[in-house]
Amino acid sequence: RKEAKKGRVVGQSSLAKKGRVVGQEMANTRLLRFLVPVLVAVCGLAGHQDMFSCRSNKCPVTELTDSNWDSVLSEEPHFVMFYAPWCGHCKQLAPKLKKAAKALEGSGIKIGALDVEPNPSTQGKFPDIRGFPTLKFCPSSNAKKSVSYEGARDEDAIVNFAKAQAAKSGVVLGEAVATKAASELYTYFGRSALEGKAALLLVGKPGDGEAPGWLGKLATELRKEEAGSSGKVDPEAKTKELLREAAKATKTGSVKAAITEILGDLKTLDSKPKLGPSVVSPAYTADPSAAAAFKLEASQLPALVLASVDRKSGLGSYAALPSSKADKRGAFTPETLGFVKALLPAATKGSSAFAAAAEAEAGAKGGLQTGALPAFPKPANVLAAEERERKRKEREGGITPVTGQESLEAGCYGLSGKSCVLLAVKGGAQAADPELTALAMRFSKEGFGFAALDSSSAPPALLEAIFGDLDPDANGLAVVKGGKRPRVAATADSDLSGFLDKVVGGGASFKVIKGGLPEWPGDDAKGESEEF
């Protein structure tokens, strides 16, 4: 009986323990069923942000999932990396893909990435994915139209491949759109003028990070040539004719199929819109200072600004279309396109013509804001360049005052690498008129340095030694050469420029000054003439 009782106790204990274990396992199973979807979702998001070092939800690389694959790919083509979070090669490639994504901003092509582990449905559409990373260009959500990438794993090669594949698939790429701070707008408008283009600037709301995709596409749309407007002969007409003849002549099926495929590609190219040269410089800014400069209120943003800038003066005029938003598909609206097309022809005729056209358009349709282009501050490098130019002109057009022996030596006799042009002007260098200043600026480039003394107060002996018999009311000019045989060529003729041209050309007559260059005050110095 004791053994039986002991057996029952052991059995009951074993059953109780087994029951607790089974119960715990069932509880763990239910908990895992609840947590797995949550963990997958959280880890998927964290994995994408970690993979591309994105500090916010605005990552240049699109996060693709089973739930958004069709909707995202239906809007824009993507170069896609299929990856797993544990893949080392994927982590090495991620920074390069991020740079490629930034390079393609505004072009109409995106870089995307899909973590295959939490997204088995999308992975199943690509049975050729056998390793990581797998790289493909996907023009749409249709997996059959994707093109595998086997090229170099660097941003430039990826960008070039994506653009080439987009062009083959008929995607009209948007132009690159630069993002500008208000401090960069002076240079932006100036460069637009130098390139002979109208400036197309979208002023966004403060805090908006990047330019919308429609802005670059709008710039491309403006390049499309109207059907039949170019009047150009088909450059591939002869090629097509020869290919058709070759297709008829060949007896080999594979050759005929290849020729037919080439003809099909040429037909596809013919059906695409022909693009002319770029006509605008698209840019984007969300700098509050820019909105304030154009006197745009928060309710008017984003506003599209079209401006014409004069190349020489840097002055310009602009017209702004407030509330320039995209439509439901994220594309530019007909109103936006119409606004730019209506004023673009006038923008190429100068800022005055553009201002008149903009005012007329605003009066006819209303809703536009027009005015003179704001004077944006010049950047430090421009100010530095202007200061260097100012100093250069001062040196080139400067006339050194001569009031005594020291200044005569420094400004004339002692010049290194230059010939001295000494002017005798009533009132001295300060009284030199603009004509003499212009003369100094012009001939400083020929290796002359200019100095001037006051003909009404300089020592008569010095004046006679250098200028000869000089009329006190006339301006005198003398080219003085030092060295072992000092000599001078002087004139009081009104055509001073013509005299210096003779000196440069070797046709001026120089007089040798015996006894050396005269000093202040100096003795009479007589000499003889010689051809120089």
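Phe 189 is buried in this predicted model, with a relative accessibility of 3%, where buried stands for under 20% relative accessible area, exposed for over 50%, and partly exposed for values in between (1.4 Å probe, protein chains only). The ring of Phe 189 is stacked with that of Phe 376, because their centres lie 5.8 Å apart and their planes meet at 15°; rings of Phe, Tyr and Trp (its six-membered ring) are taken as a pair if their centres lie within 6.5 Å, and planes under 30 degrees apart count as stacked, over 60 as edge-to-face and the rest as tilted. Phe 189 belongs to helix 6 (residues 185-194) and Phe 376 to the loop between strand 11 (369-372) and helix 13 (380-397), so the pair ties together parts that are 187 residues apart in sequence. Helices (H or I, at least four residues) and strands (E, at least two) are DSSP runs, numbered from the N terminus.

Phe 376 is itself buried, at 10% relative accessibility. Its ring also pairs with that of Phe 294, with centres 5.7 Å apart and planes at 55°, so this pair is tilted. Phe 294 sits in the loop between helix 10 (288-293) and strand 9 (303-309), 82 residues from Phe 376, and is buried at 0% relative accessibility. Tyr 188, Phe 189, Phe 294, Tyr 318 and Phe 376 form one aromatic cluster, and the whole structure holds 12 aromatic pairs.

Residues are numbered from 1 along each chain as its sequence is written. Because the model is predicted, local features need pLDDT of at least 70 and side-chain atom pairs count only at pLDDT 80 or more, while totals for chains, interfaces and linings use all residues, and side-chain values use heavy atoms, with hydrogens and water left out.

Seven salt bridges are found in a search of the whole structure, a salt bridge being a side-chain nitrogen of Lys or Arg within 4 Å of a carboxyl oxygen of Asp or Glu. Among them are the following.

| Asp 70 | Lys 125 | 3.6 Å |

The bridge of Asp 70, in helix 2 (residues 69-75), to Lys 125, in the loop between helix 4 (120-124) and strand 4 (134-138), ties together parts that are 55 residues apart in sequence. Asp 70 is partly exposed at 45% relative accessibility, and Lys 125 is partly exposed at 36%. Glu 195 is partly exposed at 43%, as is Lys 197 at 25%. Asp 501 is partly exposed at 36%, and Arg 442 is partly exposed at 43%.

His 78 is found in strand 2 (residues 78-83) and is buried, with a relative accessible area of 2%. The side chain of His 78 makes a polar contact with the side chain of Thr 62 at 3.3 Å, and a polar atom of the His 78 side chain lies 2.9 Å from the backbone oxygen of Glu 76. A polar contact is a pair of N or O atoms within 3.5 Å; within protein, one must be able to donate a hydrogen and the other to accept it, and residues adjacent in sequence count only if both atoms are side-chain atoms. Beyond its neighbours within four places in sequence, His 78 is in contact (heavy atoms within 4.5 Å) with residues including Val 72, Leu 73, Ile 111 and Phe 137.
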